Amino acid sequence: MRTAYSVETVRTAERALMARLPDGALMQRAAAGLAAACADLLGGVYGRRVVLLVGSGDNGGDALYAGARLARRGAGVSAVLLAGDRTHPGGLAALRRAGGMVVHPDAAADAAGAAIDRADLVVDGVVGIGGKGGLRPDAAPLAERAARSRAAVVAVDLPSGVEADSGEVRGAAVRADLTVTFGAHKPGLLIDPAREHAGTVRLIDIGLGPELPAAPELEALQHADVAALLPVPAAESDKYRRGVVGIAAGSARYPGAAVLAVSGALRGGAGAVRYVGPAGQAVLARFPETLVSDRGPHEAGRVQAWVVGPGAGDDAGAVAEVLATDVPVLLDADGLRLASRDAVRARTAPTLMTPHAGEAAALLGVAREEVEAARLAAVRELAARYRATVLLKGSTTLVADPDGGPVRVNATGTPWLATAGSGDVLSGLAGSLLAAGLAPRDAGSVAAYLHGLAGRLAAHGAPIAAHDVADSIPSAWQDVQE
């Protein structure tokens with residue numbers, strides 16, 4: 001499992017470690033890892049042109065010390081000093097001793113631009129992990145020039161201009177091909193929109209592990225974590241022990257939503273699916289194993305979890321009935337709009353809400369752009385307001401519990417999943433995992449992981465439909481277990 005920690009947590013850990021190490025040892029560890037990553041990206045150092053964009057503080061020092069190491073191996077290294085006399089003195093001295101060149105602030109605009117145009121590699125050491133807001137006016141044109149050049153761009157710890165704790169990008173920011181981060185991932189490296197600026201992320205172990213707390217800010221599941229959570233049937237399992245999920249979805253206008261939600265539940269390992277709603281014939285035509293009822297959720301029979309809302313139109317009665325049950329409930333799509341917040345908050349059984357950014361914005365009473373710009377804050381706020389676990393869909397899916405704790409983040413998806421009905425499949429998949437006994441946070445994060453992986457397997461870089469995603473869930477499940 002990958003974990004990410006806040007800036008303050010990382011700094012506290014660094015202080016504790018530095019107190020036991022010789023002066024400067026931690027920075028040298030970081031610089032050595034950064035230099036090695038740069039060399040790997042270049043495929044060779046001798047004769048290559050490297051430009052360092054150097055701000056104040058330790059971030060710039062890491063870049064300077066790494067540049068000195070590259071210069072000693074035969075690279076032509078130039079440092080653009082954006083902080084004047086606040087440049088890290090030890091790093092600057094090391095670069096000069098190694099034969100590196102310095103572009104002075106009074107000549108930065110022309111000389112720096114020319115150096116970037118000729119460079120094979122640009123190292124972004126402008127702003128550290130404590131930076132707020134976008135790049136300053138003197139740094140923004142250099143970042144833009146680097147983006148237009150043929151040079152690869154490597155960010156030191158975090159792309160300058162993005163916010164480490166929130167993943168927000170509030171102005172101009174560096175777009176890196178590679179981000180070399182030290183000691184621990186920072187939340188902004190895992191959450192969009194900042195994640196888009198980070199490129200490939202390489203974590204350098206500098207010894208912080210023992211100093212970091214057990215509970216991170218973010219968790220990102222990997223194959224082994226998902227495999228450990230998957231509800232695999234045992235020898236004595238039957239359809240009821242595997243979990244029966246109820247699906248209250250679809251309408252005369254949107255019968256396909258019911259079909260797709262049922263497909264996600266069946267492909268997600270449900271022992272049985274009970275469907276309630278007006279799309280029973282369409283569901284049976286595609287999935288004859290479904291148990292169909294037209295008498296409402298209370299009369300459908302026993303289930304271990306409910307999914308309500310996909311394509312439901314204005315059927316508020318079914319939503320209210322489901323919320324009144326004592327089993328886990330997943331609210332999606334129209335169910336999010338029709339559900340009473342008080343009814344959700346009053347539930348004693350778990351609730352999992354699965355909005356996309358537009359639905360989250362409507363629930364919070366803000367613009368969609370506000371949610372997309374600050375996804376971590378939005379998912380935490382929704383979870384707190386509704387006292388429910390919230391899965392915020394998007395390029396990086398976030399899952400937050402109402403009582404706080406680490407937010408789960410998932411990035412297995414593909415842009416090809418942005419297709420009608422994909423969310424209905426996810427709802428059914430997550431509902432099947434709730435019925436199998438997974439806690440809402442586990443059900444949501446495992447479903448998002450499998451759903452994203454299924455999308456990748458189905459797409460292979462080509463257009464797909466939602467039913468293709470559902471059909472690929474078993475393959476994703478198998479890949480995770482292998």
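Accessible areas here come from the Shrake-Rupley method with a 1.4 Å probe, and for residues only the protein chains shown count as cover. This is a predicted model, in which local features need pLDDT of at least 70, side-chain atom pairs count only at pLDDT 80 or more, and totals for chains, interfaces and linings use all residues. Residues are numbered from 1 along each chain as its sequence is written, and side-chain values use heavy atoms, with hydrogens and water left out.

**View 1. The surface and interior of the protein.** The protein exposes about 19400 Å², of which carbon and sulfur atoms supply 50%. Of its 482 residues, 56% count as buried (under 20% relative accessible area with a 1.4 Å probe, protein chains only).

**View 2. S166 in its loop.** The loop that holds S166 runs between β6 (152–156) and β7 (178–182). Strands are DSSP runs of E, at least two residues, and helices are DSSP runs of H or I, at least four, numbered from the N terminus. In total, the protein has 20 helices and 18 strands. S166 counts as buried because its relative accessibility is 16%.

**View 3. The surroundings of S166.** From the side chain of S166 to the backbone nitrogen of E168 is 3.2 Å. Apart from neighbours within four places in sequence, S166 is in contact (heavy atoms within 4.5 Å) with I191 and L376. Across the protein, 67% of the contacts with a separation of 6 or more are between residues 24 or more positions apart.

**View 4. The extent of the trace.** Along its principal axes, the C-alpha trace of the protein spans about 80 × 45 × 40 Å.

Terms used:
Buried means under 20% relative accessible area, exposed over 50%, partly exposed in between (1.4 Å probe, protein chains only). A polar contact is a pair of N or O atoms within 3.5 Å; within protein, one must be able to donate a hydrogen and the other to accept it, and residues adjacent in sequence count only if both atoms are side-chain atoms.
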